[in-house]
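Let's take a walk through this structure together, one contact surface at a time. Have the viewer open and follow along.

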Amino acid sequence: MTAFLEAVGEGLGTGSVYALLALGFVIIYKAMQVISFAQPAFMLAGIVLVSYLAESVNFWAAVPIAVAAVALLALAVERVAIRPMVGKAVFVIAIITLGVDVVVRVVAGAFIGVDPRSVGDPWGQEVVNVAGIDMAQRNVAALIAMVVVGGLLFAFFRFTPIGLAMRASALDQEAAMAQGVNVGTVFATSWALAGGLAAVAGVFAATGGPIDQNIWIVALAALPVIILGGLDSLGGAVLAGLLIGVVQAVVATYQRDWVPSLETNAGPIVPYLVMMLVLLVRPYGLFGTKEVERV
Amino acid sequence: MKRTATRLGVALAVASLLMTGCGRDDDNGSGAAPGVTDEPCPEAVDKEKGCIYLGVLSDFTGVFKGVGVPFSEGQKAFWKKVNEDGGIGDYEVDVTKYAKDSAYDPDKHAQLFGEIQDDILAVAQSLGTAHTNAILGDAEKEDIVIAPASLASSWQLVDNVLEVGSNYCGDAMNSVDYAVDELGAKGVAVAHFPGDYGDDAAVGAKVAAEARGIDFTDVPSEPGAADKQASVVAGILKADPDVVLVATGPIEMASIVGGLAQKGFTGKIIGSIPTWNIALLGEKKLVPALQALYLQATSFQTWEADTPGYEAMRAAAGETPPSDWYALGYGSGYVMQAVIEKAIEDDDLTREGMLNAAKSLDGVESEGMLPEGAANYAGDPNDAVIRETAFNAVDPTTASGVKQEVAPFVGPTAKDHDFSESACYEQY
Amino acid sequence: MTTPTDEKTTSFSGHQLEETTRRPRRIWGRPGLVTAYAQDMAFFDTRAKLVAVCALVAIAALMPLQLEDDILKLLATGFVLAIGAIGLNLVTGYAGQVSLGHAFFVGVGAVTAAVLNGDPDGRRLGYGITFLPAWMLGAGLVAAVCGAIVAPLATRLRGLYLAIVTLGLVFIGQYIFAEWREGTGGRGVGRDAAVPTLGDVDLTVNGAYTEEQKLYWLMLVILVIFAVLARNLVRSKVGRAFAAVRDRDIAAGVMGVQLGRYKLLAFTISSFYAGVCGSLLYAADGHFSPDEFNLGMSVLFIAMILIGGAGTISGSIMGAMLLALLPRIASELPGFFPFISDRSTEHPNIFEVETALYGVLIIAFLLFEPRGLYGIWHRIRTYWKSFPFSY
Amino acid sequence: MLAVQNLEVVYDDVVLALRGVSLELPDGKIVALLGANGAGKSTLLRALSGLLDIHDGEIRKGSVTLDGTDIGERKPADFARRGIKHVLEGRRVFKELTVEENLRVGAYTARSKLAENTERVYGLFPKLADMRRSTAGYLSGGEQQMLAIGRALMSDPRYLLLDEPSLGLAPMIVAQIRDIVVEINSQGTGVLLVEQNAAMALEIASHGYVMENGRIVMDRPAAELLKDQDVREFYLGLGAEGEVKSSFRDVKHYRRRKRWAS
């Protein structure tokens with residue numbers, strides 16, 4: 001039982017990273033009906049910035065600066081590469097975001113250099129004992145960060161005019177425009193938010209040991225998460241993120257007992273298996289709106 | 001319609017003119033061997049000398065860029081020194097022009113080899129075991145000699161591969177023997193990458209564990225940081241071994257050591273040679289655990305070794321940050337130099353001549369850069385294979401971050417093992 | 001207010017249906033004028049097109065006598081990729097089912113071919129079938145079966161949901177490939193690819209002609225065959241059903257197009273093409289590993305048909321050729337910028353620039369010509385057709 | 001004054017939707033715009049509120065002017081900021097937001113006067129005040145229409161463009177809406193009222209336009225239009241003798257006559 005709960009704890013940590021990433025995907029999707037494949041690159045950019053900044057200022061100052069910087073980067077990318085394409089086929093835009101991903105990742109990766117780097121987080125491999133269960137501090141921190149960021153987002157969308165405008169625009173773009181909402185601002189804000197979220201997610205993905213530029217692969221797990229949660233549901237993204245994190249960790253822990261013949265860690269494909277099973281029953285994910293894609 | 005036809009005719013004529021204008025260059029130069037020219041090298045010291053081009057297929061951006069980059073720099077430094085000292089015969093040697101980045105991807109490795117194979121005399125560096133295997137077939141067809149940046153147990157079986165030290169399989173055997181004899185271990189676990197490199201170490205450990213009658217647990221790992229290694233750590237803890245062998249990259253090793261330390265593991269963790277990277281010392285929180293638990297199994301000396309070769313290398317390195325990979329790249333040059341010299345001596349500076357020279361080589365004067373008995377390709381593979389292993393421990397005060405802790409030794413398992421039948425990894 | 005260039009509309013607005021049975025009437029000097037439905041649906045709707053395509057194939061066949069081997073190898077790879085791109089275009093461009101799982105089917109083809117062709121006494125599983133068409137078609141068939149198994153998912157899902165689910169196929173496929181070491185060699189290792197031999201001639205060994213020349217011709221011939229087959233398919237009843245499924249699938253269903261059946265057919269045929277592509281893709285390098293069949297490869301294929309032009313066979317080929325040559329173009333560019341280092345320890349170095357340029361070119365291309373190469377071609381053609389009037 | 005002069009609008013580069021349309025909406029007046037489906041009424045409204053672009057529409061000729069300044073090429077947000085609010089056909093409330101949130105989005109360009117305007121709207125539509133916390137999607141059709149109008153009023157616009165406010169509503173609700181439009185107008189807002197329900201529109205409007213096939217075919221004071229024989233026949237459904245006329249042949253005849261006349 002302890003092993004199981006520890007796996008759940010581990011899973012909540014990774015799940016929080018997935019949730020943060022997935023929130024970024026969903027925000028962009030809600031704004032412009034596009035899946036942005038540039039999220040992994042923004043995540044990597046965030047990690048690189050933190051790892052450099054943490055050397056000069058401390059970790060706590062480095063994170064907000066890096067998040068802001070990546071948000072700005074995402075803003076710039078939206079303006080240069082995405083805005084001109086608004087109204088074109090969504091898959092063309094999606095492929096452009098993939099191009100952005102390649103470029104940003106190469107540039108960010110170049111700064112990682114030859115040797116492994118560290119984000120200089122204060123948690124390392126320390127554990128904290130929660131009700132008799134050892135939980136890595138970094139996982140607790142990730143969970144707390146996800147809850148705080150999620151709460152702030154919730155408040156942002158509920159109480160600020162631009163947040164409300166973004167929700168309105170997601171529901172009915174033309175009607176929102178008729179109210180004086182500038183759709184350009186909505187797009188830009190959504191990209192900035194997604195960029196910032198990716199950076200935060202990156203910081204927590206990179207805790208606990210040295211990293212190299214291949215860490216961006218973590219971000220791919222957010223794709224099944226958003227499908228599972230429903231492409232247009234923020235709450236769904238959070239729940240599906242945590243769910244998949246936990247299932248992944250549990251499978252990784254018990255795989256050797258259940259199916260000893262499998263050599264390769266099945267963790268990475270678990271999100272996709274769960275996603276497919278759910279979609280067979282609910283074609284629009286757990287919380288997605290039906291007919292998201294217009295017939 | 002008629003007009004279309006006329007237009008097309010014109011287009012065809014233009015096209016054929018264009019094509020004959022920039023025709024295909026079918027002749028192979030002056031008849032000299034591929035990769036050997038009378039023209040000086042691009043960065044020649046002496047413009048009067050010809051140039052020998054050696055290919056480099058390394059990892060500059062992948063999982064083992066921490067190995068590939070310093071290794072290549074070491075090689076460049078070695079050949080720069082050779083060229084400055086007058087080259088080899090009438091030639092200087094270039095390892096820059098055909099240096100390619102395969103990013104630790106065997107397919108890209110094979111593809112890049114295809115691109116450069118008509119322009120090189122030999123391959124001065126082929127990083128990766130599976131990667132070198134991917135080009136071995138083509139290389140054998142064309143008699144191309146390859147110096148691998150890999151220490152698999154299969155190289156002594158192949159004529160055109162110039163291995164330079166002990167292999168992962170033998171190192172793993174010695175590690176298990178050491179664990180049993182010196183640490184009293186009752187069980188051993190191996191965490192390793194899938195593929196030929198990781199499997200080689202896993203098989204070595206398995207053979208030794210069976211020979212010594214202790215428990216053996218196989219825990220496959222995969223490239224990736226802490227997240228990916230969590231299940232590996234869980235798997236190791238479940239087996240509860242006294243000693244853990246690790247055959248991964250440095251990041252994976254560090255995550256495994258960190259994870260095990262966090263759970264209170266107190267045995268030893270012995271990593272294959274590629275698991276160490278000095279940058280790990282930057283992980284302040286991890287250093288104590290590395291110092292307490294980790295050993296690097298290798299047959300090479302460390303950066304500060306007191307031999308003439310290392311001294312010359314340190315002088316050649318200048319400002320370059322110390323790295324044992326740099327030293328290894330530099331040291332591997334001695335073998336290739338010896339082969340080229342022999343080929344010139346035999347008056348047969350062709351691929352075939354290189355291969356014959358390599359086959360007849362029974363050792364090399366490496367000024368202490370390479371292990372005792374290295375580069376013996378003439379003898380029986382089982383006799384010529386290097387079986388000794390030393391252990392390095394982490395020591396932040398040294399230049400390359402590690403210091404020899406256990407002097408080179410040969411354990412009973414490796415001593416009796418017949419390496420001439422097949423590569424260890426093939427038995428996985 | 002119809003645009004003067006749109007052949008399809010003129011054929012319907014200007015002529016009555018009874019003309020479909022009549023022989024096409026050609027009007028001299030107006031090659032673009034289509035006078036009958038049969039003509040609109042013909043393999044080559046104008047004589048000029050027929051001549052141009054024949055000329056193009058002839059020129060392509062003569063290229064190996066002129067071009068250097070390394071370029072030939074890239075072109076040959078482009079031909080093979082084009083087969084895969086045509087396959088993806090059938091399911092995505094024509095039938096409108098966006099699939100990010102193409103790499104999986106390519107992988108199935110590559111593995112099947114390698115297993116069928118492999119040395120029975122070798123390190124990996126092999127059945128020693130050397131007859132090229134046998135292992136090539138075998139690879140296609142196995143991939144097609146996989147496609148048929150997956151297709152039912154497509155009848156339930158649409159758009160991005162389908163895209164991400166097919167992406168899941170890639171990940172699950174990679175897992176299976178990695179586990180099945182016997183057949184694939186395993187992750188990070190791989191195995192030798194199927195060796196193309198015709199009769200007793202091993203095409204990968206230099207002889208009277210070099211390896212690259214022989215492979216080029218082989219791939220060209222196979223591409224032409226498969227392109228003709230695909231072109232014939234899309235102008236048949238099946239092709240029209242695909243278009244109906246793509247444009248308004250519910251309406252098509254109401255009108256009696258059996259959605260499930262045609263989606264199944266689209267996936268099956270597409271996977272067959274992918275399998276054939278996979279079986280030949282590694283012939284030149286002689287080696288592949290299961291890591292190849294990843295998201296990146298799927299994206300590459302999507303990029304090919306988007307850049308070439310979705311819903312056109314010629315666009316698929318153009319897109320595949322461009323993307324096959326792109327790394328080469330990218331690697332030539334640093335020569336013009338002296339500040340780019342060729343040393344891996346300095347930044348920016350050519351290795352990074354090559355990769356980044358690849359991304360930049362894709363972005364730039366789609367930004368400036370979202371309709372793809374086919375769009376550019378269409379624009380040029382339209383411009384000259386109505387020359388000197390701009391519209 | 002908001003006006004268009006000689007406007008030509010093309011959709012997708014191909015479909016000509018408006019030809020040579022001129023129209024004026026003076027401050028503080030109600031202007032009715034009548035016409036059959038597809039006549040181009042909604043297109044004209046889109047041109048007046050900057051919403052052509054997202055429908056791939058484009059102004060090819062002519063201009064949209066506000067107090068003499070050309071504003072045709074500006075963004076929709078600019079139109080809203082300048083006091084032109086468009087109430088889209090089919091209500092289009094933000095269904096998953098609450099009534100109050102809907103209103104807050106409406107106040108996007110006039111955030112400083114949010115409280116004041118909210119009070120005013122709740123004053124106009126007491127029903128909305130009772131339901132301020134309910135989700136808009138669950139409101140009845142009439143309530144949604146009120147919310148849509150209320151939302152537009154949240155920025156205290158100079159001009160209100162109403163696209164078919166009575167569409168699909170019960171006669172009693174239509175009367176309510178009519179009264180509200182009059183009320184809004186009396187507070188100083190100019191209203192351009194697009195309606196199928198011509199009787200209701202002409203009853204409260206001071207001026208009327210009739211559109212057909214993308215052109216304005218009649219441009220007269222509302223009172224005159226109400227008396228016009230053709231309008232009575234085809235928009236009010238009344239024959240010359242005040243009877244319902246349904247002969248298709250007459251319609252055909254009418255259309256032919258109009259085509260030659262225009």
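Let's begin inside chain B, where the count of salt bridges between domain 1 of chain B and domain 2 of chain B is zero; a salt bridge here is a side-chain nitrogen of Lys or Arg within 4 Å of a carboxyl oxygen of Asp or Glu. Before going on, please note that this is a predicted model, in which local features need pLDDT of at least 70 and side-chain atom pairs count only at pLDDT 80 or more, while totals for chains, interfaces and linings use all residues. Residues are numbered from 1 along each chain as its sequence is written, chains are lettered from A and ligands numbered from 1 in the order in which they are written, and side-chain values use heavy atoms, with hydrogens and water left out.

Where do the two domains lie? Domain 1 of chain B covers 10-165 + 304-384, and domain 2 covers 168-298 + 387-427, with bounds that come from an automatic or database domain assignment. Taken over C-alpha atoms, their centres are 30 Å apart. Contact (heavy atoms within 4.5 Å) involves 23 residues of domain 1 of chain B and 31 residues of domain 2 of chain B.

Together, these two domains of chain B bury about 2000 Å², and carbon and sulfur atoms give 56% of that area. Buried area is the accessible area (1.4 Å probe) that two parts lose on being put together, summed over both. On the domain 1 side, the elements of chain B that give two or more residues are helix 4 (129-141), helix 11 (324-345) and helix 13 (381-384). Helices (H or I, at least four residues) and strands (E, at least two) are DSSP runs, numbered from the N terminus.

Staying with chain B, look for the disulfide (a pair of cysteine sulfur atoms within 2.5 Å) that joins Cys41(B) to Cys51(B), with S to S at 1.9 Å. The torsion about the S-S bond of Cys41(B) and Cys51(B) is about 95°, so this disulfide is right-handed. Cys41(B) sits in the loop between strand 1 (36-37) and strand 2 (50-58) of chain B, whereas Cys51(B) is in strand 2 of chain B, 10 residues apart.

Now turn to where chain C meets chain A. The contact takes 41 residues from chain C and 50 residues from chain A. About 4000 Å² is buried between chain C and chain A, with 80% of it on carbon and sulfur atoms. Leu160(C), Tyr161(C) and Tyr175(C) supply 20% of the area that chain C buries against chain A, more than any other three residues. What is the count of salt bridges across the interface of chain C and chain A? The rule finds zero there.

Which elements of chain C give two or more residues to the side that touches chain A? They are helix 6 (132-156), helix 7 (159-179), helix 11 (249-254), helix 13 (295-308) and helix 15 (350-368) of chain C. Helix 7 of chain C gives the largest share of that side, 14 residues.

Our last stop is within chain A. Side chains of opposite charge can pair when their charged atoms come close. Glu10(A) forms a salt bridge with Arg138(A), and the closest N and O atoms are 4.0 Å apart. Glu10(A) lies in helix 1 (residues 2-32) of chain A and Arg138(A) in helix 5 (residues 137-159) of chain A, so the pair ties together parts that are 128 residues apart in sequence.
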